[in-house]
Amino acid sequence: MEGRLHLFNMNLVHQPIVRQEDTDLCFLSASDSIRSERLEIQGGPFVAEYVYLVQMDIPAELADDFNRIYDTQHVPNILTVPGVHSCSRYQLESGDGKGMAKYLAIYDIDSPDLPNTDVWQAASDRGDWITEIRPFATNRSRVVYKRIT
């Protein structure tokens, strides 16, 4: 089998952040962007069995701090949890539902129970997230989906 090497240049907000052991190279640059080189095996990228979706709203005056802390502390802390492979972040662009949260994070995980474990909670509680962001998050929802194809 011949693998293909792909280079991803990613802005931290709205793009995947991948665990180091899932990549050949993964690092944060001084410009707060991430670049990773990933080897595709068997003709396709890694696809997790489960995804964990977290949605929330944050007051507009905290948006810059929210994105900085989420990208530089919270996500890297969660990626230390065994069984978490990556996180992609998104900001709402459009939709037809009332009350939809502005921010979405999608974590690729191995087990549906992983977000409820002590190790996940300990990783989530590290850094400025727990004191500077979590108390101000509203309209939060958390759900796990299982891959069907």
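This is a predicted model: local features need pLDDT of at least 70, side-chain atom pairs count only at pLDDT 80 or more; totals for chains, interfaces and linings use all residues.
Me: Which residues are they?
Reply: The lining consists of Val54, Met56, Phe66, Tyr70, Arg89, Tyr103, Leu104 and Ala105. Strand S5 (50–57), helix H1 (63–78) and strand S7 each give two or more residues to that lining.

Me: Which element gives the largest share?
Reply: That is S7, with three residues.

Me: How much space is in the largest cavity?
Reply: About 40 Å³. Searching the whole structure for cavities of 30 Å³ or more turns up one.

Me: How would anyone find empty space inside a protein?
Reply: A probe the size of a water molecule is rolled over the atoms, and this shows where space is left empty.

Me: Back up a bit. How many helices and strands are there in the protein?
Reply: Three helices and eight strands. Along the sequence the pattern reads β-β-β-β-β-α-β-β-α-α-β.

Me: What percentage of the residues is buried?
Reply: Of the 149 residues in the protein, 38% are buried.

Me: And the contacts, what share joins residues at least 24 apart?
Reply: Take the contacts between residues at least 6 apart in sequence: 70% of these join residues at least 24 apart.

Me: Now S5. Which strands does S5 pair with?
Reply: S5 runs antiparallel to S7, with seven bridges joining the two. S5 is also joined to S8 by seven bridges, again antiparallel.

Me: Pick Val51. What stands opposite Val51 in S8?
Reply: Tyr145. In S7, the bridge partner of Val51 is Asp108.

Me: Is S5 mostly covered or mostly open?
Reply: Mostly covered, as six of its eight residues are buried.

Me: What about Tyr52, buried or exposed?
Reply: Tyr52, a residue of strand S5, counts as buried because its relative accessibility is 8%, and the cut-off for buried is under 20%.

Me: What does Tyr52 touch?
Reply: Leaving out neighbours within four places in sequence, Tyr52 is in contact with Ala105, Ile106, Tyr107, Ile109, Pro115, Trp120, Arg142, Val143 and Val144. Ala105 is 53 residues away from Tyr52 along the chain, yet their C-alpha atoms are separated by 8.0 Å.

Me: Next, S6. Which strand do seven bridges join to S6?
Reply: Strand S7 (residues 103–109), and the two run antiparallel. One of the pairs is Cys87 with its bridge partner Tyr107 in S7.

Me: How many of the residues of S6 are buried?
Reply: Six of eight, in a strand that covers residues 84–91.

Me: In general, which way do side chains point along a strand?
Reply: In a regular strand they alternate between the two faces of the sheet.

Me: Which residues touch the most other members of the largest nonpolar core?
Reply: Val84, Tyr107 and Trp120, out of 26 residues in that core. S5, H1, S6, S7, helix H2 (118–124) and helix H3 (129–133) each give two or more residues to this core. H1 gives the most, with six.

Me: Gln73, then. Buried or exposed?
Reply: Buried, because its relative accessible area is 18% and the cut-off is under 20%. Gln73 is in helix H1. Setting aside residues up to four places away in sequence, Gln73 touches Arg68, Gly127, Asp128 and Trp129.

Me: And where is Gln121?
Reply: In helix H2. With a relative accessibility of 36%, Gln121 counts as partly exposed. Gln121 and Ile78 lie 43 residues apart in sequence, and 8.8 Å apart in space from C-alpha to C-alpha.

Me: Last one. What is the phi of Asn139?
Reply: Near 55°, which is a positive value in a residue other than glycine. Most residues other than glycine have a negative phi.

Me: Where does Asn139 lie, and how exposed is it?
Reply: Asn139 is in strand S8 (residues 138–146). Asn139 counts as partly exposed, at 38% relative accessibility.

Key
Residues are numbered from 1 along each chain as its sequence is written. Side-chain values use heavy atoms; hydrogens and water are left out. Buried means under 20% relative accessible area, exposed over 50%, partly exposed in between (1.4 Å probe, protein chains only). Helices (H or I, at least four residues) and strands (E, at least two) are DSSP runs, numbered from the N terminus. Two strands pair if DSSP finds at least two bridges between them. On a 1 Å grid over the protein atoms alone, a cavity is a set of points where a 1.4 Å probe fits but cannot get out, and a pocket is an open set with protein on both sides within 12 Å along at least five of seven lines; lining residues have an atom within 4 Å of a point. Grid points are joined across faces, edges and corners, and a volume is the space filled by probe spheres set on the points. A nonpolar core is a set of buried Ala, Val, Leu, Ile, Met, Phe, Trp, Tyr and Cys residues joined through side-chain atoms within 4.5 Å. Contact means heavy atoms within 4.5 Å.
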